Amino acid sequence: MAFRSLGEFLNELESRGDLLRVRSPVSRDLEITEVTQRAVRKDGPALLFENVPGATMPIAMNVLGSPRRIALALGAESLDAPAERISRLVHLRPPSGVLGAIRDLSGTIEALDTLRSLGPKRVRSGPCQEVELDRVDLDRLPILRCWPNDGGRTITLPVVITKDPETGEPHTGIYRLQQYGPDTLGMHFQVHRIGAQNHRKWAARGERMPVAAVIGADPATVFAGLAPVPEGISNFVFASFLRNEPLELVRARTVDLEVPAQAEIILEGYVDPSERKIEGPFGDHTGYYSAPEPFPVFHVTHVTHRERAVYLGTVTGKPPTEDAVLGKAVERVFLPVIRLVLPEIVDMNLPMEGLFINLGIVAIRKRYPGHARKVMHALWGLGQMMFTRYLIVVDAEVDVHNLREVLYRVALQADPERDLELVHGPVDQLSISNPVPNFGAKMGLDATRKGPDDGFPRPWPEEIAMDAAVTRRIDELIARDPGLGRLGSRPAP
Ligand SMILES: Cc1cc2nc3c(=O)[nH]c(=O)nc-3n(C[C@H](O)[C@H](O)[C@H](O)COP(=O)(O)O)c2cc1C
């Protein structure tokens, strides 16, 4: 089931008992943050604040702050389903002959359906343009102040639309927008982002970059905006794929861009290549305030919205937060794409505590000496995986999600001198421990089993394992003997 709009999604959540309407007065200054953080920590419901003093529209929070809601947003009951669809898409092959085509008819039909859904659909009008403001005044929007020392109110979950001036290819990214004044916002696209790259291209031509920002897109479009969609693939196409239904796009009113027709609020305007202004501090994903830094300025020249618009926000901070939950979902959904390039990867865990991009654990089917290092370097060269500062590689049978098992393998199987791979390169702009911004060290640890192939000089000891027949016998005994039955079934290895 595809949700055409945020409103449709909220209705579905309500019917499932997964939306809490907050009718008590809650201020958009800090108080919404406090309530939202409590909801996220409990894997609680989405929140709709209906009584925010001074606000002319309700504020939706924590809408995608739970794996079950993210899965639902992507039309499934669990995240395995979209991951599986991506896996089938990336492995799409022509059937081998007529017999092959008949044998795989259902797969072929599904693939054709998928391909049909990919192109967004152009429409002439949409609810996002029901109301046009005669004058831009951002103070009419219920923009949040999230943390006590934030430099200003901030639009925290906007889908920012730009385009490449050379190819005309549109791009979306979630980049926060801190309010400077009644019609200006800080455009916080970090240096590595495709939005920033588009900006550099417009600047090289000496032209203003047209920008639109969506506040309150349908949930699949929000997800496509934060997902590391490979360069050259449009996020609108990806959103359509996730929805399994074309995304409706309508021409923006005053800029040469297309915007999601079913969105709640659209800001239109431009970024001037010559202008920068200090943005921040802002309570960020790291759990720290990001330092004030110069960023381009988004001049908002036109605002449209639905008649009964809902404002969509989120709160960043030390995990667990909504964006950390979203990061985990990205890990699951994109694993098949990574495995397309690196089929030796069995599984991957980017733990929330590792701030999603700072720490990765990968299990591989190791085939030759130095294989773990080959995987590390390949990952460091793959899109936003370049930001991973610590990469731990373990053997295929290790459950990467079981951190006790991973620590056991690291402590036992890795040699700090021989198995450490230290490299330097780009690191995330938000990373705080690298002495120079955007550049720093990254560490890989090969915690796989070693053998003569690795040039390991000593015999690798045999791992203890119980005789399988004995385990079976004791299982049967436990099933028959109520006393021994108290020991329960076999613990996980
Ligand atoms: C809640 C949330 C807020 C984000 N804020 C920012 C931001 O302010 N600046 C930024 O560069 N990336 C931010 N991101 C990350 C980007 O949205 C993400 O990297 C996305 O893939 C866009 O990257 P791209 O422009 O390279 O495609 C945020 C992500 C989330 C989930």
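**Helix H7 and its surroundings**

In this predicted model, the buried residues of helix H7 (residues 194-204) pack against a set of strands: E7 (158-163), E8 (170-174), E11 (209-215), E14 (265-279) and E17 (293-305). The residues in question are Gly-195, Ala-196, Asn-198, His-199 and Trp-202. Just past the end of H7 comes Gly-206, with a positive phi of about 70 degrees.

H7 also turns up around the ligand. Together with E8 and H10, H7 is among the elements that each supply at least two residues of the ligand shell. That shell counts 19 residues, and the ones that come nearest are Gly-173, Ile-174, Arg-176, Gln-190 and Arg-193. Sorted by class, the shell holds 9 nonpolar, 7 polar and 3 charged residues.

Zooming out, the chain splits into domain 1 (6-312), domain 2 (342-454) and domain 3 (467-493). Between the C-alpha centres of domain 1 and domain 3 there are 52 Å. The largest nonpolar core has 120 residues, and the members touching the most others are Ala-60, Ala-212, Val-214, Phe-223, Val-259, Val-362 and Val-393. Helix H10 (residues 322-341) gives the most to this core, namely 7 residues. Domain 1 and domain 2 each put at least three residues into the core. As for Phe-223, once its neighbours within four places in sequence are set aside, its contacts are Ile-70, Ala-73, Leu-74 and Leu-242.

A few spots in the backbone deserve a look of their own. Gly-280 and Pro-281 are joined by a cis peptide bond, with omega about 0 degrees, and Pro-281 sits in the loop between E14 and strand E15 (282-283). Another cis peptide bond links Pro-319 to Pro-320, this time with omega about 5 degrees; Pro-320 belongs to the loop between strand E18 (311-312) and H10.

Then there are two asparagines with positive phi. For Asn-62, phi is near 55 degrees, and the residue lies in the loop between strand E3 (59-61) and helix H3 (67-73). Asn-62 is buried, because it has 27 other C-beta atoms within 10 Å, and 20 or more is what it takes to count as buried. Asn-438 has a phi of about 70 degrees and is placed in the loop between strand E22 (420-426) and strand E23 (439-446). Asn-438 has 15 C-beta neighbours inside 10 Å, so it counts as partly exposed.

Notes. Residues are numbered from 1 along each chain as its sequence is written. This is a predicted model: local features need pLDDT of at least 70, side-chain atom pairs count only at pLDDT 80 or more; totals for chains, interfaces and linings use all residues. A nonpolar core is a set of buried Ala, Val, Leu, Ile, Met, Phe, Trp, Tyr and Cys residues joined through C-beta atoms within 7 Å. A residue is buried if 20 or more other C-beta atoms lie within 10 Å of its own, exposed if 12 or fewer, and partly exposed in between; C-beta atoms are placed from the backbone. Helices (H or I, at least four residues) and strands (E, at least two) are DSSP runs, numbered from the N terminus. Domain bounds come from an automatic or database domain assignment. Two residues are in contact if their C-beta atoms, placed from the backbone, lie within 7 Å. A residue is near a molecule or strand if its C-beta atom, placed from the backbone, lies within 6 Å of it. Ala, Val, Leu, Ile, Met, Phe, Trp, Tyr, Cys and Pro count as nonpolar, Asp, Glu, Lys and Arg as charged, and the others, Gly among them, as polar.
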